[in-house]
Amino acid sequence: MTDPAAVAKARRKRQRQRDFKKSLPLYVLLLPSAILLLIFAYVPLYGLVMAFQNYSPALGVFHSPWVGLKNFTQFFNSYQFPITLKNTLVISVYSLLVNTPLPVGLAILTNQMRRQGFKKVFQVISYLPHFISIMVMCGMILIFLSPQSGLFANLFRLFGAKLPDIMSSANAFSHVYVWTDVWQNLGWNSIIYIAALSSIDPTYYEAATMDGATAWQKIRNIDIPMVMPTVMIILIMSVGNLLNVGFEKVLLLQNPLNMQGSEIISTYVYKIGLQNFQYSLSTAIGLFNTVINVILLLGVNWISKKTTDTSLF
């Protein structure tokens with residue numbers, strides 16, 4: 001007598017084989033990306049061992065002496081630890097608070113535009129700054145904010161005032177970083193929210209119109225609730241990169257006068273590792289940064305899942 005369990009198991013096996021053969025072209029298409037991900041994202045992870053070693057290039061990763069948590073202790077006890085952590089948190093949290101609601105507001109504003117010609121021109125204008133390279137953008141910022149010959153300095157002179165040297169102020173650095181980032185990426189960041197708004201069923205708006213709802217009531221009761229799941233997903237991903245402040249932009253805008261407000265973890269890692277050749281210490285700092293980001297990601301994802309039923313996993 002045939003065992004029903006064995007028959008069912010054999011049937012499932014044949015089904016898996018048919019599914020695999022059917023999807024084989026997709027797996028082949030995915031293979032190059034998987035190989036690149038393995039080579040450049042996972043294979044280098046063995047280098048994290050340097051964080052627990054007194055690494056020497058002559059001895060290599062496998063023969064350098066083991067020091068345990070000494071590198072982490074050295075960083076936590078250094079005078080740069082509170083400065084870099086504070087600056088990183090100030091810039092990243094400030095950026096998160098500004099760059100989360102503004103793209104949503106711009107998307108809603110764009111969605112409310114009825115003249116298609118004006119809407120397209122407005123979108124193109126708001127997207128264009130995103131395509132300016134970081135190097136060029138930082139050059140423009142330094143030129144615009146120059147206290148001698150900058151654009152804003154000349155405007156101030158027209159009113160008999162003098163522009164302060166903003167780029168030499170440590171307290172002003174976070175404002176410059178965040179608001180120039182808004183200028184460059186606000187339009188681009190709004191695209192995903194515009195897509196979410198465009199997917200809303202038009203019958204919601206028709207029913208609201210029949211009930212006599214105003215434009216603001218439609219925004220408050222239809223647009224905002226429908227776009228909130230997308231906002232939460234973007235927020236979770238942003239919090240997961242909270243300590244990964246834009247390294248290139250900060251480094252290009254740094255100078256000795258604003259260093260107290262512009263030195264962040266990523267620039268400190270660059271200087272310690274590539275300029276001072278303290279590879280183990282820089283690896284330990286980078287690992288600390290990554291672990292904190294992972295903890296924040298998991299925590300915010302859990303909170304979002306419990307409170308809004310929206311999560312990444």
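Author: When I say that something covers or touches a residue, I mean contact, that is, heavy atoms within 4.5 Å. Helices (H or I, at least four residues) and strands (E, at least two) are DSSP runs, numbered from the N terminus. Bear in mind that this is a predicted model, where local features need pLDDT of at least 70, side-chain atom pairs count only at pLDDT 80 or more, and totals for chains, interfaces and linings use all residues. Residues are numbered from 1 along each chain as its sequence is written, and side-chain values use heavy atoms, with hydrogens and water left out.

Let's go for helix 14, which runs over residues 265–275. Its buried residues are I265, T267, Y268, K271, I272 and G273. Buried means under 20% relative accessible area, exposed over 50%, and partly exposed in between (1.4 Å probe, protein chains only). As for what lies over those buried residues, the cover includes helix 2 (70–77), helix 3 (80–99), helix 12 (247–253), helix 13 (259–262) and helix 15 (279–308).

Now the charges. Lys and Arg count as positive, Asp and Glu as negative, while His and the chain ends are not counted. A salt bridge is a side-chain nitrogen of Lys or Arg within 4 Å of a carboxyl oxygen of Asp or Glu. K271 makes one with E263, at 3.1 Å from N to O, and both partners are buried. Search the whole structure and you find 1 salt bridge. In general, side chains of opposite charge can pair when their charged atoms come close.

For a contrast, hop over to helix 12, one of the elements covering helix 14. K249 sits in helix 12; K249 is buried too, yet has no salt bridge. The nearest side chain of opposite charge belongs to D181, 4.4 Å away. Leaving out residues up to four places away in sequence, K249 touches I134, C138, I141, Y177, T180 and D181.

Back to helix 14, and what comes just after it: F277 takes a positive phi of about 60°. Most residues other than glycine have a negative phi. F277 is not a glycine, though its phi is positive. F277 belongs to the loop between helix 14 and helix 15. And buried or exposed, which is F277? F277 counts as exposed because its relative accessibility is 55%.
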